[in-house]
Amino acid sequence: MSTTTGAAADEPTDQNEAGQTESGQNRVGDQHEVVRPTAIMPLFQAVVAGSIGAGLLILSFPEPGWWWAAFPAVALLWAALRGRSIGGAVLVGILAGLTFHLGLLRWATLFLGPLPWAALGVEQALWWIPMAIAWTLTSRWLPHLGRWGTRLVPVVAGGLWLGRETLAGAVPYEGFAWGRIGQAQGSGPLVELASWIGVTGLTLLVATVSVAAVELALAAANRPAGERGPVAITAAAILVTLIALALVPIHRLPVTDSITVAAIQGGSDKAGYFNGGEPGEVRQAHALATDLLEPGSTDLIVWPEAAAEWDSANDRTTGPVLDAVYARHQTPMLVGWIRREGDLYHTSYAPWPRTDQVYDKHRPVPFGEYVPDRELWRRFAPELIDLIGRDFTPGTGAPVLEAAGTTVGVAICYDIIDDDLMREMVANDAGWIVSPTNNADFGRTDELWQQTQIAQLRAVESGRTVVQASTVGPTIAFGPDGRVLAQADDIYTPAAVVVEVEVRTGATAAMTIGPGLAWTWQVTSVLLLVVAGVVKRVTSNRIA
């Protein structure tokens, strides 16, 4: 019997090496010999399978939000990459990555056109290359660690998938953390589990279980019918564990108070960056929508991102409108506006009547709200870069404000994707969270619903009510269990959404142990892969 140690061709054999009883393991007498798994399918089929998997993964996000599609999606991607050569893995990975990100982010074409959409999709897809290589090496190297190495393949693969999501969400220019598997689980039965393990934990769970399903299927296929009992028992144990996890009750936090909040939706399609509204038009739309409320019926009124247009210190027309609204309702407000400070611009959120408090958006969108390395990129697309006429500066203060006797966490639009910002809110004793946003540039596309589902998961993860106030919708409130508490009847219509907000204290497990779990899992996965590579090399040298 021969032992394969080099890079094999990207064609599968009709079956694995003779005598193989588990993925990558042979028993010959009393010896334990390791054979690299062969590819499950030819390269062309793998490219097709990987792209189909990426397409299924798109469907797990809104719309249609088929959460369950993430499982077969990851399984197909693993099957396409398992046992491949490095070159084959690169091809499968980049094509699957392009399929996923260009498909998921197609709404970006409405904002700035096809070129930024393509650039963003390609940049995100490039992160699939190192993951694809790491995955195929996982399938080839871990069996060299013995039976436990083979059993840890799904665990390592899950950690490496999360590693790709983590890097893509941080690099370059603070990344783009959109399209994480965990973000697709808001409509599924695992949503409440986010209070214990967070969005990153949901990613790890889905990826690990999906890879394990493929490995178990292959293990069963490589055994005689009468010897498949242990595989069936393992599969049943995984299924029972999944069902048990779906039944785990939410991590509930104690309630210390409650207030009545009204979230205002102006409904004007002129709220977008490029929609050409007249000065004051969006502000007036929100003033009129506020008047849908019965005066004095709420404790706090929250407006969306930039609904007041300009800071009253920069525009003398802002203050009188807000004063008039306050006079009619006698209710404190939180309002969004653009704040100019010398040559710096901030997307800000502040109380009205005005105090010395202000929160500046921490995560302005690169190439949307500011252009990093503007002069560099202007050389390639000057007209496109010049469309973004001003660069917004990231805020640095704590993401909380005091309003209506409560401490409220603030996540302006794209801030909602930032894991660290969520934890910072909780660390600063935020009792509930408001997410003012302006989605008008994305029309009626899936972006609205994808962002809304992220807000839903943040409610569960943080154990707090999240009120999303949008210029055009969806304007909606989620309880700590992810259920809808109140919402506007439709998008692009004026609305005043009233919700009773429970103010909570403390931190969920997702906020405390979640980050450590994710970091440990990722680092351990990389270390196991490296150790397996070293063992493989030593073993190969001994054989040679």
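Reader: What do S10, helix H15 and S11 make?
Author: S10, helix H15 (residues 419-427) and S11 make a right-handed β-α-β unit. Helices (H or I, at least four residues) and strands (E, at least two) are DSSP runs, numbered from the N terminus. Right-handed means that, with the strands pointing away from the viewer, the path from the first strand over the helix to the second runs clockwise. This is a predicted model, where local features need pLDDT of at least 70, side-chain atom pairs count only at pLDDT 80 or more, and totals for chains, interfaces and linings use all residues. Residues are numbered from 1 along each chain as its sequence is written, and side-chain values use heavy atoms, with hydrogens and water left out.

Reader: How many bridges join S10 to S11?
Author: Three, and S10 (residues 406-410) runs parallel to S11. Strands pair if DSSP finds at least two bridges between them. Trp432 in S11 is the bridge partner of Val408.

Reader: And S11 with S12?
Author: S11 pairs with S12 (residues 466-470) over five bridges, in the parallel sense. Ile433 stands opposite Val466 in S12. The chain gets from S11 to S12 through helix H16 (residues 447-462), in a right-handed β-α-β crossover.

Reader: Is S11 mostly covered or exposed?
Author: Mostly covered: six of six residues in S11 (residues 432-437) are buried, meaning under 20% relative accessible area with a 1.4 Å probe, protein chains only; exposed is over 50%, and partly exposed is in between.

Reader: Which residues point which way from S11?
Author: Trp432, Val434 and Pro436 point one way, and Ile433, Ser435 and Thr437 the other. In a regular strand the side chains alternate between the two faces of the sheet.
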